[in-house]
Amino acid sequence: MEAHQIPLLKPHKMGSFNLSHRIVLAPLTRSRSFGNIPQPHAILFYSQRTTRGGLLISEATGVSDTAQGYPRTPGIWTEEQVEAWKPIVKAVHDKGGVFICQLWHVGRVSSHVYQPNGQAPISSTDKPIRPQIHHDGTVEEYSTPRRLRTDEIPLIVNDFRVAARNAIEAGFDGVEIHAAHGYLLEQFLKDGANDRTDEYGGSLENRCRFILEIVEKVVDEIGAGRVGIRLSPFSDLMECGDSNPDALGVHMVQSLNKYNLLYCHITEPRMTFNEGKLELPHRLHEMRRVFQGTFITASGYGREEGNKVVEEGYTDLVAYGRLFLANPDLPRRFELNAPLNKYDRATFYTPDPIVGYTDYPFLQPSLDSN
Ligand SMILES: Cc1cc2nc3c(=O)[nH]c(=O)nc-3n(C[C@H](O)[C@H](O)[C@H](O)COP(=O)(O)O)c2cc1C
């Protein structure tokens, strides 16, 4: 095992943050925040994955009491939640990490059981999504959503603004606006879900309006140097696809340029088979070319592909989800080209505060002798 300066371990200046390497902890919902309150066991999970000068993005964190659609996900709209985040953020800072809070609203990816007073989830539309079948065969049912009235939209924008302020109050270095993966913001963005006839539907400009209003208000509240965004123009998760994702992606990053955001974090399309081999599609060239800020890519990357895309300038940083979940010392393992622990899908979302959460082993001292 050789320890030399691979591209992923080169430093990068992101706004006012001096990152010591390019390996980012991707946002990972772990469903261990009982009562929507972050728990003390998250201190260990995040601090295990912290390196001096490394960037971590938190699990998706609800902006309001209508934002949830999964069991035991954390929020950041109450004082109790803000207080509960503080020791977690402090632990990351004590080890020299940079910690960003991902702000989330699921929209119609919810059911009335997660909603205040059992009400219908809110969305851009009143079209429900079909039940989804999980890997373990269980079926998730979603309630028919209620289409937001035009005059209600500023209230949701305001929820994001207040949540961003709360994140800074909790000590986070910034926020990532979750505008990906079929949740509320994408339900406005993509023509596969948005069937509105007001100024938030129809043209590309209109479909981008809601997200840009959120960006603007959040930037006004905490400063552009603390605001990133996550987009997934090519995904069709939760029945949220777009008929022209290339145009959508480029238009969106072009519109974001005027805000001087901290970063743009884009999920790649799903991997494809080419002559029997799984390949990353690398579809983000044009968005990368257009966006004037730090660029993060994610989805399906390993050590070799990550080094390659950083080396080629296709991206500045690479976010790792499943590999970082299962390898708390992922940057060190990449440095040494050491073997990786395998992730256990069965414990991704289970409530156990240790098993499958903080019990993935670090490198054995015999392997980590450098
Ligand atoms: C257990 C799990 C939880 C996830 N939770 C979130 C989340 O809260 N927010 C988000 O934007 N993406 C989430 N994702 C997607 C990851 O951030 C990442 O994009 C995905 O795992 C693909 O990257 P990978 O191939 O490195 O795992 C999650 C993925 C997994 C496996």
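Tyr 46 is buried, with a relative accessible area of 1%; buried here means under 20% relative accessible area, with exposed over 50% and partly exposed in between, using a 1.4 Å probe and protein chains only. The structure is a predicted model, in which local features need pLDDT of at least 70 and side-chain atom pairs count only at pLDDT 80 or more, while totals for chains, interfaces and linings use all residues. Residues are numbered from 1 along each chain as its sequence is written, and side-chain values use heavy atoms, with hydrogens and water left out.

Tyr 46 also takes part in aromatic pairing. Rings of Phe, Tyr and Trp (its six-membered ring) pair if their centres lie within 6.5 Å; planes under 30 degrees apart count as stacked, over 60 as edge-to-face and the rest as tilted. By this rule there are 13 aromatic pairs. One of them joins Tyr 46 to Phe 99 in a tilted arrangement, 5.0 Å centre to centre with 50° between the planes. Because Tyr 46 lies in helix α1 (residues 41-48) and Phe 99 in strand β6 (residues 98-104), the pair ties together parts that are 53 residues apart in sequence. Helices (H or I, at least four residues) and strands (E, at least two) are DSSP runs, numbered from the N terminus. Phe 99 is likewise buried, at 0% relative accessibility. Both residues belong to one aromatic cluster, together with Phe 45, Trp 85, Phe 172 and Tyr 357.

The nonpolar cores come next. A core of this kind is a set of buried Ala, Val, Leu, Ile, Met, Phe, Trp, Tyr and Cys residues joined through side-chain atoms within 4.5 Å. The largest has 85 residues, and Tyr 46, Ile 76, Phe 210, Ile 229, Leu 231 and Tyr 320 touch the most other members. Helix α5 (residues 204-222) gives the most to this core, with 10 residues. A second, separate core of 15 residues includes Leu 55, Leu 262, Ile 296 and Ala 298.

Strands pair if DSSP finds at least two bridges between them. Strand β3 (residues 23-25) pairs with β17 in the parallel sense over 3 bridges, and Val 24 stands opposite Ala 319. Strand β16 (residues 294-298) also pairs with β17 in the parallel sense over 3 bridges, with Ile 296 opposite Leu 317.
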